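Reader: I would like to go through the labels attached to this model and hear the grounds for each one.

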Amino acid sequence: MNTFEHKKYRAFPPVSMPQRKWPDEQITKAPLWCSVDLRDGNQALIEPMTPAQKHKMFMLLVRVGFKEIEVGFPAASVTDFDFVRYLLDNDLIPPDVTIQVLTPAREDMIAKTFEALKGARRAIVHLYNSTSTVQRKHVFNLGRAGITDLAVNAARTIQSLANGQPQTEWVFEYSPESFTGTELDFAVEICDAVTGVWKPNETHPVIINLPATVEMSTPNIFADQVEWFCAHIQKRDAIIVSVHTHNDRGCAVAAAELALMAGADRVEGTLMGNGERTGNMDVITMGMNMYSQGIDPELDFSLMDEIVKTVQDCTQLSVHPRHPYAGELVFTAFSGSHQDAINKCLAVREEGSPWDVAYLPIDPADLGRSYQEVIRINSQSGKGGIAYVLAREYGIQLPRWLQIEFSSKVQKQAEQTESEMSGEMIWNLFKKEYLATGFSATESHFGEANAGGDQYRLNHYNIRRQDGVDSISAGLEWNEKVIDLEGQGKGVIEAFVHALSLRSGLSIIVVDYNEHAISAEKDQGAKAEAIAFVQLNINGERISGVARSVDIIEASLAAIISGVNRSTKLGQLLVA
Ligand code: KIV
Ligand code: ZN
């Protein structure tokens with residue numbers, strides 16, 4: 001028998017709702033957020049958080065801006081009970097933050113929950129029981145009425161214990177757990193029965209939380225369920241509709257987003273989506289999605305590296321390098337065409353204008369990330385990225401024709417080493433290929449690399465101008481000999497190329513020439529320098545040369561010599 005058998009499964013039934021409104025809605029403001037990192041997230045860890053880790057995580061959640069934080073399941077865990085007491089006894093809960101605790105629909109556990117919360121200024125008691133068809137049938141062996149009785153009795157116990165602790169401002173929350181597997185009419189029926197006990201009003205609303213305990217359908221069906229629920233629940237104005245999506249199908253964020261469009265007011269989730277199985281809804285992704293649409297998420301993720309570090313320290317789980325917004329590689333482009341587009345967009349970007357950069361949905365700087373990491377080089381990278389790295393790190397603006405030539409050399413090295421090329425590796429390759437040639441050993445900026453004797457070097461030169469024509473006399477060093485050259489032309493470059501042609505008998509044409517002052521110099525300190533790039537055609541062979549110097553004429557002449565040295569044609573011809 002084939003073990004990979006799709007016929008074992010059934011399609012999730014759609015909600016019949018031809019008048020659905022949510023597809024035309026837009027998210028325009030942040031929901032009420034509730035972090036469940038310390039409860040749902042914690043319950044899913046291989047090693048649940050220690051008290052110190054819980055404290056660290058709580059402080060982070062407060063800093064990020066959560067106003068509601070589910071801090072534990074005190075009736076089920078001694079650590080959680082003690083942690084709630086620790087927060088309260090040490091007055092660690094800021095005045096604008098409300099802690100939330102989870103309780104099952106069991107009298108003894110509800111009593112324990114209230115004991116944990118003694119003395120709280122304000123607290124949310126979160127009651128849940130499972131309502132799905134599968135759990136009613138196979139886990140509880142109860143019909144709808146039996147399940148409703150459990151919820152209603154628990155709601156009564158909660159109300160009565162709350163009445164006994166009037167110094168606390170109580171907020172109640174009810175979750176028909178496994179809502180996604182519950183018939184919608186029953187979900188509404190049981191929630192109405194619970195709110196019938198708690199009697200909320202607009203000033204004292206209750207929270208009804210609709211969990212996708214298991215994500216069972218496409219997010220549009222979840223949105224239908226939420227819209228249907230909102231349309232049929234009684235006392236809608238006295239109810240904060242919350243959603244709590246899990247990520248079994250990988251759509252927890254999308255489901256929560258569509259749920260907001262369908263009428264939900266509140267969202268529960270965790271940082272980076274830690275939680276049972278494939279996790280809870282990732283609040284960072286959802287919040288940053290809003291941010292990228294110009295909506296204030298009312299949570300501050302600007303210190304993303306710190307958030308990532310704390311979450312990793314507390315959960316002992318690593319963050320995937322491609323995790324949306326938070327991963328190490330999410331603002332990095334390796335592909336040549338992407339690098340090129342990013343490079344061009346960043347170059348024309350004006351400070352204060354709306355963000356409009358290809359391949360970067362948000363500005364990495366908003367999350368404390370730098371532009372430095374946007375473009376990284378491997379064998380997939382193209383000329384734009386390589387040029388960007390040289391410009392960013394060494395102030396070198398490669399002309400386009402040289403970008404094309406040099407990128408193939410970088411790619412070749414990246415392929416050979418099968419690794420990423422750092423800025424320094426690219427620069428070293430560039431120096432070795434073009435710059436380590438052209439000057440006399442004594443004057444060289446790259447003395448060691450120039451020390452060999454089998455290449456031409458500029459020893460001296462003299463220029464005279466008469467009637468618009470430049471005449472040059474120059475000496476080239478070669479193996480401790482000096483070769484004298486004479487030539488004329490319009491401008492120094494033409495004159496020098498003429499001198500080389502005369503001496504070698506070869507046709508030498510300057511195809512392209514560029515120069516610029518070097519702005520940022522890693523390699524040479526603050527010394528002001530110019531760099532010259534030349535592309536020569538030597539008897540049909542195109543060859544590039546580059547040199548830099550504090551003197552622009554010297555840089556130009558040395559760039560031509562660098563090209564001559566790189567040419568297979570000239571070789572030792574000048575000496576002959
Ligand atoms: O996923 C879930 O259903 C829960 C409930 C307890 C809200 O975590
Ligand atoms: Zn959950």
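Author: What follows is a set of questions about those labels, with the values set against the cut-offs.

Reader: What kind of model is this, before we start?

Author: The model is predicted.

Reader: Why is aspartate 40 called buried?

Author: Buried means under 20% relative accessible area. Aspartate 40 has 5%, so the label buried applies. Histidine 246 is buried as well, because its relative accessible area is 4%.

Reader: What makes the space lined by Thr180, Ala212 and Ser217, among others, a cavity?

Author: In general terms, rolling a probe the size of a water molecule over the atoms shows where empty space is left. A set of points counts as a cavity where a 1.4 Å probe fits but cannot get out. The structure holds one cavity of 30 Å³ or more, and the largest cavity has a volume of about 30 Å³. Its lining consists of Thr180, Ala212, Glu215, Met216, Ser217, Thr218, Pro219, Phe222 and Ala255. By class, that lining has five nonpolar, three polar and one charged residues.

Reader: How do you know that serine 217 is buried?

Author: Its relative accessibility is 7%. The cut-off for buried is under 20%, so serine 217 counts as buried. Serine 217 lies in the loop between β6 and α8 (219–232). Leaving out residues up to four places away in sequence, serine 217 touches Phe12, Phe222 and Arg249. Arginine 39 is 178 residues from serine 217 in sequence, and their C-alpha atoms are 25 Å apart in space.

Reader: What makes glutamine 225 buried?

Author: Glutamine 225 has 3% relative accessibility, and therefore counts as buried. Its place is in helix α8. Beyond its neighbours within four places in sequence, glutamine 225 is in contact with Phe12, Val15, Phe179, Thr180 and Leu184. The C-alpha atoms of glutamine 225 and leucine 210 are separated by 9.5 Å, with the two residues 15 apart along the chain.

Reader: What lines the largest pocket, and which residues are closest to its centre?

Author: A pocket, unlike a cavity, is an open set of points. The largest pocket contains about 660 Å³ of space. It is lined by 23 residues, of which Phe12, Thr133, Thr180, Gly181 and Met216 are the closest to the centre. Helix α5 (residues 133–140) gives the largest share of this lining, three residues. By class, the lining divides into ten nonpolar, nine polar and four charged residues.

Reader: Which elements give two or more residues to the lining of the second largest pocket?

Author: The second largest pocket holds about 370 Å³ of space. Of its 20 lining residues, Trp170, Val171, Phe172, His204 and Pro205 are the closest to the centre. The elements giving two or more residues are α6 (144–163), β5 (169–177) and β6 (206–212). The largest share, four residues, comes from β5. This lining has eleven nonpolar, five polar and four charged residues.

Reader: What makes the phi of glutamine 316 worth a remark?

Author: Most residues other than glycine have a negative phi. Glutamine 316 is not a glycine, yet its phi is positive, near 60 degrees. Glutamine 316 sits in the loop between α11 (304–315) and α12 (336–348). Exposed means over 50% relative accessible area, so glutamine 316, at 56%, counts as exposed. Glutamate 418 also has a positive phi, of about 50 degrees, although it is not a glycine. Its place is in the loop between α14 (400–417) and α15 (423–435). Glutamate 418 counts as exposed because its relative accessibility is 72%.

Reader: How many residues does each side give to the contact between domain 1 and domain 2?

Author: The chain is divided into domain 1 (31–315), domain 2 (336–432) and domain 3 (434–566). The contact takes seven residues from domain 1 and six residues from domain 2. The C-alpha centres of domain 1 and domain 2 lie 45 Å apart.

Note on methods. Residues numbered from 1 in each chain as written. Chains lettered and ligands numbered in written order. Predicted model: local features only at pLDDT ≥ 70, side-chain atom pairs only at ≥ 80, totals over all residues. Heavy atoms only, no water. 1 Å grid on protein atoms, 1.4 Å probe; cavity = no way out; pocket = protein on both sides within 12 Å on 5 of 7 lines; lining within 4 Å. Points joined across faces, edges and corners; volume = space filled by probe spheres on them. Nonpolar A, V, L, I, M, F, W, Y, C, P; charged D, E, K, R; others polar. Buried < 20%, exposed > 50% of the residue type's maximum accessible area, 1.4 Å probe, protein only. Domains from an automatic or database assignment. Contact = heavy atoms within 4.5 Å.
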